[in-house]
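Hi,

Here is the structure I promised to pass on. Have a look at it first, and my notes on what turned up follow below.

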Amino acid sequence: MAKVALVSGSVIDGVGLESIRGGVLLIEDGRIVRVARRVPRGYMKVDVRDCTVLPGLIDAHVHLCLGGEVNFETALLRDPPELIALRAAARAQELLRAGYTTVRDMGAPARAVIALRDAVAAGLLPGPRILAPGRVVTATGGHADFAPEGVVHRWGLGLVADGPDGVRRAVRAEIKAGADFIKFCATGGVLDPQSEPGLQEFSEEEMGVLISEAHRMGRKVAAHAQGEGGIKAAIRAGVDTIEHGIFLDEAAAEMMRERGVYLVPTLSASHNLLREEGKGLPPHVLRKAREVREAHLEGFSLALRMGVPIVAGTDSGIPFCPHGDNALELALMVKQGMSPLEAIKAATSRAAATLGLDDVGSLEPGNIADVAVVRGDPLDDIGVLRDRARIALVLQEGKPVAGSERERWPE
Ligand SMILES: [Zn+2]
């Protein structure tokens, strides 16, 4: 494969304290060589001087089984996993076109997204690298228990489990099915009909067994956690990431900072749910979305102030939250006071660390050449990352997979 030099307006490498003006990104055999000042001999030059070159973006919280439809429950409970997987495949392409080269899925029925992950990894279908948990482990009547009372669903997003033995079996079942990590519901949430976001669901004992079983098997654990009691219980039980973290208080933030537990706030979720005043949402969803909105923003600001490590994740797939506008999350974080460079790190190097990936998320020598090239400077205006027309190039392992300039890439 050709040695290529991307001559940029500036390079944001994902780890540095500032961008590198006029940086030249050198790529060889699908890997980053280094950021140079000029084009060395033997390299093919690609001129993107009106662009910023940055690591391929990472979204740490997506639901590929959903496409932003209001009637998400019907889509989840009616469609067979085979159809869900095919729909997810189309959505994966949208993410790639938006500059996202890695995503962490946060739960899907059966093995729908695990199968898609494997198909993408095998080169059968275009899409970002996917990490998937399989189903979401949830208590009976918990946030991800969508089956109506008395109905046993053949498939569903949630895997219902109770008691230490039940949660241990659930973790083992998802690992057997191919889970990269385990996701469970520590508290209630907004989208289901029966739970309350503020209330803890699994007991701390159950969480402890679930997390230690997953860790023993080499899997990280993500907790859907919104109420402060459930957040703290999950942290004490050893969780790796807190998803949403809506009612985070100072004590919880302190625990997270001390233990290095990441927060994936998903500001896009409550922002998008209330777009157009939540038209068409079931009344219980609308009520809960309104109840959590302010607390969500306050929790984020507190975490930012207290130095909790924050990672970008959108919850894309949920109502009014389509795949492809994932950089909205960066814009919302900046609006709440995070610097544009920090927001980019939250969606690149810090996200990669959260996912346990050590060779993506930055443009450091030797890393996989997953790269996004956008017209303009996201440090001046973070919004340029949301504009599809500005995506000039998306590289995956050094190969062009999307962007308006992809035809210019040398063979
Ligand atoms: Zn979610």
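Ile27 has Ile32 as its bridge partner in E4. Before I go on, the ground rules: this is a predicted model, where local features need pLDDT of at least 70, side-chain atom pairs count only at pLDDT 80 or more, and totals for chains, interfaces and linings use all residues. Residues are numbered from 1 along each chain as its sequence is written, and side-chain values use heavy atoms, with hydrogens and water left out. Element names come from DSSP runs numbered from the N terminus, with helices (H or I) of at least four residues and strands (E) of at least two.

Another bridge to E4 goes from Leu25 to Val35. E3 and E4 form a hairpin with 2 residues between them, and Asp29 in the turn has a positive phi of about 50°.

E3 also has strand E1 (residues 4-11) as a partner, again antiparallel, over 4 bridges. As for cover, 4 of the 5 residues of E3 (residues 24-28) are buried, buried being under 20% relative accessible area, exposed over 50% and partly exposed in between, with a 1.4 Å probe and protein chains only.

**The zinc site**

What holds the zinc ion? Its protein donors are His61 (NE2), His63 (NE2) and Asp315 (OD), at 2.1 to 2.2 Å from the ion. Donors are N, O and S atoms within 2.8 Å of the metal (3.2 Å for Na, K and Ca), and water is not among the atoms, so sites may look incomplete. Along the sequence the donor residues follow the spacing H-x1-H-x251-D. His61 is buried, with a relative accessible area of 0%, and His63 counts as buried too, at 6%.

**Rings and cysteines**

The whole structure has 2 aromatic pairs. The cut-offs: rings of Phe, Tyr and Trp (its six-membered ring) pair if their centres lie within 6.5 Å, and planes under 30 degrees apart count as stacked, over 60 as edge-to-face and the rest as tilted. Phe72 and Phe146 are edge-to-face, at 6.2 Å centre to centre and 85° between the planes. That pair links distant parts of the chain, 74 residues apart: Phe72 is in helix H1 (residues 72-78), and Phe146 is in the loop between strand E9 (136-138) and strand E10 (158-160). Both Phe72 and Phe146 are buried.

The rings of Phe184 and Phe202 have centres 6.1 Å apart and planes at 55°, so this pair is tilted. Phe184 lies in strand E11 (residues 182-185) and Phe202 in the loop between E11 and helix H5 (204-216), so the pair ties together parts 18 residues apart in sequence. Phe184 and Phe202 are buried as well.

There is also a charge over a ring: Arg104 lies over the face of Phe181, 5.3 Å from the ring centre. The test for that is NZ of Lys or CZ of Arg within 6 Å of the ring centre and within 35 degrees of the ring normal.

How many disulfides does the structure hold? The count is 0, a disulfide being a pair of cysteine sulfur atoms within 2.5 Å. For Cys185, the nearest cysteine sulfur is that of Cys65, 13 Å away. Cys185 is buried, with a relative accessible area of 1%.

**Ile310 and H10**

Ile310 sits in the loop between helix H9 (283-306) and helix H10 (328-335), and is buried at 1% relative accessible area. Beyond its neighbours within four places in sequence, Ile310 is in contact with residues including Leu263, Pro265, Phe300 and Met333, contact meaning heavy atoms within 4.5 Å. Ile310 and Pro265 are 45 residues apart in sequence but 7.4 Å apart in space, C-alpha to C-alpha.

H10 itself is mostly covered, with 6 of its 8 residues buried. Met333 is one of the buried residues. The cover includes strand E7 (100-105), helix H8 (267-273), H9 and helix H11 (340-346). After H10 comes Gly337, with a positive phi near 115°.

Cheers

Technical notes:
Pairing = 2+ DSSP bridges.
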